[in-house]
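Reader: I'd like to learn how to read a sheet in a model like this one. Could you walk me through it?

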Amino acid sequence: GSQVKGSRVTGTAVVRNYSRNTIEIVDAKVSCGCTTALGLPYTLLPSDVAHVPIAVDIPEHTAKTTLDERIVLKLNDSGTIAYVAISVQARIVNAQ
């Protein structure tokens, strides 16, 4: 969708544990300082679901017309590290 310059885009990444092990969401790497994953770390038992809040602050004076940011969640499954990539995309418009 479209987002206004100077606004905060928020959403929720839903992560389900399909394994038989307890996993942890231990870290998040972001494509820019304007993007955050909140509430880490999370511990998920088998079949559990985590609702990870994410937020992207769109600068008021940006020249960009599109938003395309990435968040990579780092998972620990009993010592095995895995990564899940999340993409946040939007069209950036001027305030009316």
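Author: Strands here are DSSP runs of E, at least two residues, numbered from the N terminus, and two of them pair if DSSP finds at least two bridges between them. This is a predicted model, where local features need pLDDT of at least 70, side-chain atom pairs count only at pLDDT 80 or more, and totals for chains, interfaces and linings use all residues. Residues are numbered from 1 along each chain as its sequence is written, and side-chain values use heavy atoms, with hydrogens and water left out.

Reader: How many bridges join strand S7 to S8, and do they run parallel or antiparallel?

Author: Strands of a sheet pair through backbone hydrogen bonds, in either direction. Here S7 (residues 66–77) is antiparallel to S8, with 12 bridges. The two form a hairpin with 2 residues between them, and Ser78 in the turn has a positive phi of about 50°.

Reader: What is the strand order in the open sheet?

Author: The 5 strands go S1-S8-S7-S3-S5, with mixed pairing. S1 (2–4) and S5 (42–44) are at the edges with a single partner strand each, so one side of each lacks a neighbour in the sheet.

Reader: Which residues of S8 are opposite Ser2 and Val4?

Author: Ser2 faces Arg91, while Val4 has Val93 as its bridge partner. S1 and S8 (residues 80–93) run parallel, joined by 3 bridges.

Reader: How many disulfides are there?

Author: A disulfide means a pair of cysteine sulfur atoms within 2.5 Å. The whole structure has 1, joining Cys32 to Cys34 with S to S at 2.2 Å.

Conventions:
Helix = DSSP H or I, 4+ residues; strand = E, 2+ residues; numbered from the N terminus.
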